[in-house]
Amino acid sequence: MKKPQLVWDIKPVSYILGRDALRLSRKRLEEFNKRIVLVDENTLQFCLPVFEEQMENLRIDGVISINTNVNNKSIDQTIHVWNELAKLGAERDTLLINLGGGVVTDLGGFAAATFKRGISFVNFPTSLLGMVDAAIGGKTGLDFGGLKNQIGLFTNPICVVIDPIFLKTLDQKQLLSGYAELLKCGLIMDIDLWDSLESQRYDKVEEWDSLIVQSARNKVDIVRHDTFEKGLRKILNFGHTVGHAIESYLLNKGLDITHGEAVAAGMICETYISSKLYEFECKRIKEIITTIDHNFPRFNLKKDDIPALMEFLKHDKKNKGGQYRFSLLRRLGKAVHDIEVEDDLIRESIEFYIDHKDCECEED
Ligand SMILES: NC(=O)c1ccc[n+]([C@@H]2O[C@H](COP(=O)([O-])OP(=O)(O)OC[C@H]3O[C@@H](n4cnc5c(N)ncnc54)[C@H](O)[C@@H]3O)[C@@H](O)[C@H]2O)c1
Ligand SMILES: [Zn+2]
């Protein structure tokens, strides 16, 4: 496995990764005249004290807090952030410090980039999902009209600081949500990472520093080659086409599910689709599905739910000309993107998920 590297400058963003990253990032924050921290209710309580302790007397000029409810990445919360920035006298020489999970970094990045035509911001992800995914890659945004991420910008923080120190207070459900993205990262591009994760239990956070750094570095590598998601970056969507449909469908029904839980289900369906389109070693398919099932209980979906799920799939941003486009596994550790998939095969993959079927190949 690649060695974790702590400081990594890839213009225009610097990445400071691993244990002690927080302390090492202080110099970057000192370059600004004014520093304002954006948190949500939980990171205000659990992460701001850790941040302040590690930063030893660094002057903070204001704290803005957003709510942690379901419609949290909303325009109303963004207006609240703009109002508070104005009250605190934020100017071009102000730095907004996003201290939180994907909601804080997505919304904070958007609010900073649009306030007075853009003030600088830095991401300190505090959730596992934030550390390996949301805080990296310059996508910011809001949910709108009942759909996710409809409004937003590609805009980069000056720095992304990933320190696993924050994970101590993250609850199991949220850890598991991030774990799904770690598994995805292994599946699409990093067989070593997959092999290390396969034998891990997701709650052993203290052993994860190097896995988090490895996964974050993989995402950085992808987005620096394809910032605007014209090609390669799309492989990060593996598990997300069916996964997003399941997520929207179950959230609409009022179920309390996380993004990662939905992506885990999506990865089972999309592994099935991959195995139908490409030659796949049977033992590998079993290994993928068993590993996911070991950590994520299956949703109680019924065959009658499939038509509604197919409706949600139609909203997928990756579709072109009415055809479904998937990112799939060519083999374990290698993904491909923009693959057309027929409706019937998608339905079949959801049935495969619902029925807990074993793969159908003859070998082993
Ligand atoms: N920009 C991108 O590329 C990208 C990629 C993936 C996901 N996202 C977005 O990220 C969001 C999901 O991110 P998330 O899963 O981090 O959700 P989140 O930000 O809602 O965080 C999950 C929960 O954990 C709490 N929390 C966070 N850190 C904590 C800590 N250290 N201790 C205790 N509690 C803590 C939060 O308050 C929240 O209640 C979604 O809106 C999604 O669209 C963006
Ligand atoms: Zn995701």
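I count two strands as paired if DSSP finds at least two bridges between them, and I take helices (H or I, at least four residues) and strands (E, at least two) as DSSP runs, numbered from the N terminus. The model is predicted, so I keep local features at pLDDT of at least 70 and side-chain atom pairs at pLDDT 80 or more, while totals for chains, interfaces and linings use all residues. Residues are numbered from 1 along each chain as its sequence is written, with chains lettered from A and ligands numbered from 1 in the order in which they are written.

**Sheet.** I looked at β6 (residues 120-125) and β9 (residues 159-162) and found them parallel, over 2 bridges. Asparagine 123 sits opposite valine 160 of β9. I read the order of the open, mixed sheet of 7 strands as β1-β2-β9-β6-β5-β3-β4. β1 (7-10) and β4 (62-66) are the edges with a single partner strand each, so one side of each has no neighbour in the sheet.

**Helix pair.** I checked α8 (172-189) against α12 (residues 259-277): the angle is about 35° and the axes are 7 Å apart. Axes here are lines fitted to C-alpha atoms, for helices over the stretch in contact, with angles from 0 to 180 degrees between N-to-C directions. Contact means C-beta atoms, placed from the backbone, within 7 Å. Tyr179 of α8 and Met267 of α12 are among the contact residues.

**Ligand 1.** Which residues come nearest to ligand 1? I get Asn42, Gly101, Gly102, Val103 and Ser127, out of 29 around ligand 1; near means a C-beta atom, placed from the backbone, within 6 Å.

How values were computed: Two residues are in contact if their C-beta atoms, placed from the backbone, lie within 7 Å.
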